[in-house]
Amino acid sequence: MYKKEVRGELILGNKSYANITEDVLRHQESQKKWYNAPAWWWIAFVIFFILMSIGLGWAVSYKTITQGIGTWGNNNQTAWGWAIINFVWWIGIGHAGTAFSIFLLVLRQKWRTSINRAAEAMTIFAVMAAGLFPAIHVGRPWDEIFIFPYGPNSRGLWVNWNSPLLWDVIAITTYLTTSFLFWYIGMIPDFATIRERSSGIKKKIFSALSFGFVGHMKSWRRFEDAVYILGGLAAPLVISVHSIVSTDFSAGIVPGWHETIFPPFFVVGAIFSGFAMVLTLMIIIRKVYKLHEYVTDDHLDAIARIIIFVSLIMGSAYLIEEFIAYYSANPYEKYIFLDSYLKGDYAWTYWGMVIFNAFVPQLFWFRKVRRNLLWLFIISIIINIGMWLERYNIVIPPTAQDFLPANWGEYHPTMVDIWNYLGTIGLFGVGVLLFMRYLPIMAMNELKQQAKRQTELTVEASVYDILEKKIVK
Amino acid sequence: MKKYIGVYDNDVKLLEGIDEMVDEKVPVEDVITPFVIEELLEKLKVHSNIQFLGFLYGVFAVISIFAGLYYTFVIDYPLNIGGKPNLSLTFVVLLFVGMVLTVVLLTTGTFFHQERLYPMKKPPFEYPGMHTDKFVVVVDLSHKQKASSIFEKTGAIDMQEIEVNA
């Protein structure tokens, strides 16, 4: 019996395989020289490049490395300030790229095909931005060798395997490596397509990038197996890495941090912010490259539905945190959750977080909102701001107002902190723009597979219809 | 080395052609497609051992990482942190993450090695569109006659002898 696919057509416009290649590569092939790009691209690139240069040049390389962490707003109370907020925020965004691509791959959700490549690229640049913060937070980056198990030190000690910070370094290195290889191996067949269609220096570059790949039948079998192994391993890795990031906090005794809910709370938060960023990026890519036949309203609708679901989990987690603080009868916990957050000094970040993450996404219950690009774009940005506020909320209030009121101190970021952050936004933006300009923004080989499946289903459906009519007659 | 190829511009026709070749016992040396065609791989019984090797890499990784952790944190660790041996749940986290890293690197290495992929490697031959929308079936020259009649019958758009670099 004919089985109807739930999601309908994922590629509109009855595309042939050649059409798919042409559409995905149109923005590249229409530019004759490597430096040719549309005006919007150059404007965005210059803005992000300036942010990156000032941020990574002045704030990171000059102020932080030559003068030290004293140039940041950290103080005795808040030893982890913007650096860790931004680290967790970027890691969260970085998670959803792979989560999006891999969970949907493992669950065989075919609608991932138009979006997975950009989501994976987003992961790489977000994790690079995230990795910068712990690297510079140590103060003397050249001493980072001591984090690695290079051998017993002068006192005969090996590294402390019990430290969540060490797990973090290993987990993030693993995550970056796995995500990069998953992304790159997935692109190799598409590089071969670009190699075939180009000439001169471009052909040489893509010959090098495609490693001479040819779609032999054996190659495709190996390719699929390798991609499934990487994907299958990266899926639990997404969960473990952000759980490990959360143990950086929950292993501490600081009120507001010492919670068993943190690992799932962090993982869900990561997926939430990452999906919002995927939505932001896909709306831009769809709009500027006119790829609405590949990133259809149904695709964006599906992402928005996932966001509703995840935002409900986020809202529940906020409520559970409040309830457990009340139920614990621990005065320190109660102070942070019931006073500081709800009505105290940090009420603005707390309520900002709740409204942006738990309430605003509920607008996605309305089909009209889910189908309106502008609303989708605005809400995706609001969620990303909300998730930044959540990380601010986790990091700052518990440390600024811990056990002894005599120890309390306010935290204010300095210009160096702010430019460190802006620098990473610049790095992310430059990375994404270079990806959009020079690399295949959609997995062409997977889109063609999808187009083939779609044709088969259409044929099956029409055969089924004909048979049904004959039977009725 | 000379080979004989038939080129299709439609995957349905390609699969018909492959069916005919299997029925007529014409050995198909290779099929080059722009994307994975599962039915084709099943028809021609194409397998790879990467998944099995991935499992072996996992076993190797778990054993060696456990041994490394045990040596550095139990046998060769001079401090007594809440009692010795210092065999903790930490090992589970590190075993998992370390196993993933090891398997990912070794599987990627295996894929590149088995495919003989390296920068600037030249493809064995190039047919325009074989990475875009053309499907190329490769057979040995000794089967040229039988193959060409099947190609013709099943709607191949081109047939020719080509030079394939080993």
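**Entry 1: confidence.** pLDDT is the predictor's confidence in each residue, from 0 to 100. I started there because this is a predicted model. For chain B I noted an average pLDDT of 88, with 96% of the residues scoring at least 70. For the model as a whole I wrote down ipTM 0.92 and pTM 0.90.

**Entry 2: chain A against chain B.** I looked up who touches whom. On one side I have 49 residues of chain A, and they are in contact with 52 residues of chain B. Which elements of chain A give two or more residues to that side? My list reads helix H1 (17–29), helix H5 (164–197), helix H6 (200–210), helix H7 (217–250) and helix H15 (444–472), all of chain A. H7(A) has the largest share, with 15 residues. Sorting the chain A side by class gave me 25 nonpolar, 16 polar and 8 charged residues.

**Entry 3: a helix pair in chain A.** Next I picked helix H4 (residues 116–137) and helix H8 (residues 262–288) of chain A. Their axes are 10 Å apart, and the packing angle is about 125°. H4(A) and H8(A) are therefore oblique to each other, and I have their crossing down as right-handed. Which residues make the contact? From H4(A) I found A:Ala118, A:Ala119 and A:Met122. H8(A) brings A:Met277, A:Val278, A:Leu281, A:Met282 and A:Ile285. By class, I get 8 nonpolar residues in this contact, no polar and no charged.

**Entry 4: a helix pair in chain B.** Last, I turned to helix H3 (residues 50–75) and helix H4 (residues 90–114) of chain B. They pack with axes 8 Å apart, at an angle of about 140°. That angle makes H3(B) oblique to H4(B), as I needed over 145 degrees to call a pair roughly antiparallel. The crossing of H3(B) and H4(B) is right-handed. I noted some of the residues that meet here: H3(B) brings, among them, B:Ile50, B:Leu53, B:Gly54 and B:Tyr57, and H4(B) brings residues including B:Phe91, B:Leu94, B:Leu95 and B:Gly98. Counting classes for the contact of H3(B) with H4(B), I have 15 nonpolar, 6 polar and no charged residues.

Notes
Residues numbered from 1 in each chain as written. Chains lettered and ligands numbered in written order. Predicted model: local features only at pLDDT ≥ 70, side-chain atom pairs only at ≥ 80, totals over all residues. Axes fitted to C-alpha atoms, helices over the stretch in contact; angles between N-to-C directions. Helix = DSSP H or I, 4+ residues; strand = E, 2+ residues; numbered from the N terminus. Parallel < 35°, antiparallel > 145°, perpendicular 65-115°, else oblique. Left-handed = near helix turned anticlockwise from the far one by under 90°. Contact = placed C-beta atoms within 7 Å. Nonpolar A, V, L, I, M, F, W, Y, C, P; charged D, E, K, R; others polar.
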